[in-house]
Amino acid sequence: MKYVKLAEVFDEIEATSKRLEMTDLLVKLIKDTPRDEISKVVYLLQGKLYPDYLGVELGIAEKLLIKAVAEIAGKSENLVDGDFKKSGDLGLTVEKLLQRKSQATLVKRPLTVSSVYDTFDKIAHAAGSGSVDLKIRLLRSLLNDASPLEGKFIARMAVGKLRLGVADMTVLDALAIAYGGDKSAREPLERAYNLSSDLGYVASVVAKDGLAGVEKFKITVGRPIRPMLCERLPSAREILEKLGGTGAAEYKYDGLRVQAHITSKEVHLFSRRLENITDQFPDVARLLKKTIKAKEAIVEGECIAVDIHTGDMLPFQVISQRRGRKHEIEKMAEEIPVTIFLFDVLYLNGKDQTLTPYLERRKQLLKIIEPSEHVKVAEQVEARDPDRLEQLMDEAVASGCEGLVVKNTSEQSVYQAGARGWLWIKYKRSYKAEVQDTFDLVPIGAFAGRGRRAGSYGALLMAVYNPKEEAFETLCKLGSGFKDEDLLNLPKMMQPYLIKQKHPRVNSLMQPDFWFVPSMVLEVAADEITLSPMHTCGWGLIRPRSGLALRFPRFTGNWRKDKGPEDATTSQESVEMYRKQLKQIEAEA
Ligand code: AMP
């Protein structure tokens with residue numbers, strides 16, 4: 001097909017803002033397109049060469065295009081650049097310059113969709129020394145043969161600014177009408193798209209095998225599935241009502257969503273936005289390869305940074321330091337080790353699992369994983385009662401999670417690829433409380449360090465003082481905020497206080513590796529105070545069988561040598577601070 005035909009349709013699409021008109025134009029275009037060129041047309045329509053997940057960028061800088069245009073038009077780069085500054089659109093500048101040029105010369109060779117696509121493809125893959133010259137040469141060859149209208153769209157595509165505003169769903173509508181007669185054929189097409197994230201591929205399947213081919217569409221390991229998303233409700237009661245009285249509450253981990261495609265040969269990792277992030281997380285790929293017992297699988301989970309000493313989850317900002325890196329990837333993997341909490345399986349040993357109900361999928365997931373330190377299955381508890389859900393929410397938050405994702409457990413609970421629906425409902429707090437004050441806490445125990453902290457302590461178990469009971473009650477594990485040399489010195493510093501068993505005045509549910517006589521005081525900052533079933537501070541004062549804990553605690557660097565252990569923050573003060581925090585939240589709400 002001639003490229004000018006595509007350029008004319010682009011021009012018409014640009015002139016309309018009505019979706020129906022746009023769809024009509026696309027239907028006609030699709031009908032006129034030879035079947036073997038349909039995928040190229042679909043990609044070019046969206047200013048792409050490939051589906052996004054392949055991450056192929058055209059990589060043409062505006063400067064390069066200006067240089068190529070200047071050469072073709074016989075003008076100086078300054079002049080082209082000046083015109084561009086005025087028009088703000090290289091497409092318009094190129095169109096204008098080619099108009100002048102085409103009065104003088106005849107177009108030599110008509111461009112075709114394939115020749116334009118293939119030339120752009122060569123440009124995208126040009127690499128190494130000489131690639132800049134090659135790109136300019138290829139661009140020149142395109143522009144040399146282009147009419148002014150063609151030049152406008154070639155220029156915009158080259159610099160990544162085609163922006164016709166054709167949404168994926170409009171293309172699917174047009175494919176449905178062109179190949180199925182009306183929009184009712186959109187459903188299987190949409191499903192195929194959701195299972196492959198590749199509009200060009202879906203178009204080529206329907207062009208080649210018709211709707212029957214699309215109905216039989218299969219998941220391919222290596223092609224990402226568009227992720228299922230959650231709805232949100234503000235209360236436990238509403239969530240359970242919406243789910244028909246019962247739901248499976250999973251911890252909502254606050255990290256990076258990862259979809260892992262695993263075969264016996266390789267593992268591909270995709271982000272929530274379907275970028276291929278395998279190179280950024282080689283450690284996760286290795287771990288999954290080792291842990292998942294299946295020939296082929298597509299699983300999903302949330303990756304988060306975990307403090308290897310305390311086992312505590314670290315805030316989202318920590319893992320995000322590992323995104324988008326090109327260098328020192330293995331070093332970062334060592335410095336910021338991550339754990340993946342798997343929560344779904346979408347494909348297993350040749351079988352599509354997306355239409356399997358959730359509880360069955362979860363069973364499959366448990367079957368194929370041997371949980372290990374860095375690969376786990378998301379915590380899940382089925383709940384029928386709003387109070388129980390509230391309690392699970394507190395536990396999730398206390399362990400560093402963002403809240404819960406409560407999932408439908410009925411027979412209809414399929415994996416809705418690419419859709420936001422009521423089968424998964426997130427329960428996040430709408431607030432983020434902030435603790436302004438710091439805490440003066442007493443180390444009453446320590447956990448042995450690992451890795452770089454081997455031979456020293458990985459974390460301290462910290463307590464507040466309860467003057468009424470004359471007891472020390474635990475509030476958090478503390479492993480962050482220490483300088484390396486401080487950590488190395490800790491065992492020596494604590495040596496005089498080391499004891500074989502728990503000190504009689506210590507009240508702890510945790511079992512550290514070492515116990516201390518309560519003696520020193522350290523200043524600790526934190527994000528907020530949460531309820532916790534693991535810590536004894538203020539036990540039962542706010543809620544039965546719950547104490548208080550600190551979320552994301554860190555040492556401020558301040559050793560409170562001026563304070564004795566009985567001068568530490570008290571449990572009563574901590575309870576007051578928790579109540580103040582609640583009031584502040586209510587006031588904000
Ligand atoms: P949001 O990004 O706030 O819309 O919440 C949805 C996101 O929560 C998902 O895209 C996942 O990345 C993440 N998530 C964390 N834990 C889970 C879980 N157990 N089940 C589903 N999604 C989860």
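Two salt bridges cross the interface of domain 1 and domain 2 (a side-chain nitrogen of Lys or Arg within 4 Å of a carboxyl oxygen of Asp or Glu). The model is predicted: local features need pLDDT of at least 70, side-chain atom pairs count only at pLDDT 80 or more, and totals for chains, interfaces and linings use all residues. Residues are numbered from 1 along each chain as its sequence is written, and side-chain values use heavy atoms, with hydrogens and water left out.

**Domains and interface**
- Domain 1 spans 229–432 and domain 2 spans 439–588; the bounds come from an automatic or database domain assignment.
- Their C-alpha centres lie 30 Å apart.
- Domain 1 gives 20 residues to the contact, and domain 2 gives 20 residues (heavy atoms within 4.5 Å).
- The buried area is about 1,800 Å² (accessible area, 1.4 Å probe, lost on putting the two parts together, summed over both).
- Carbon and sulfur atoms give 50% of that area.

**A salt bridge**
- Glu373 and Arg450 pair through their side chains, at 2.9 Å from N to O.

**Second largest pocket**
- This pocket holds about 1,100 Å³ of space. A pocket is an open set of points on a 1 Å grid where a 1.4 Å probe fits, with protein on both sides within 12 Å along at least five of seven lines; lining residues have an atom within 4 Å of a point. The volume is the space filled by probe spheres set on the points, which are joined across faces, edges and corners.
- Of its 43 lining residues, Lys48, Tyr50, Pro51, Asp52 and Tyr53 are the closest to the centre.
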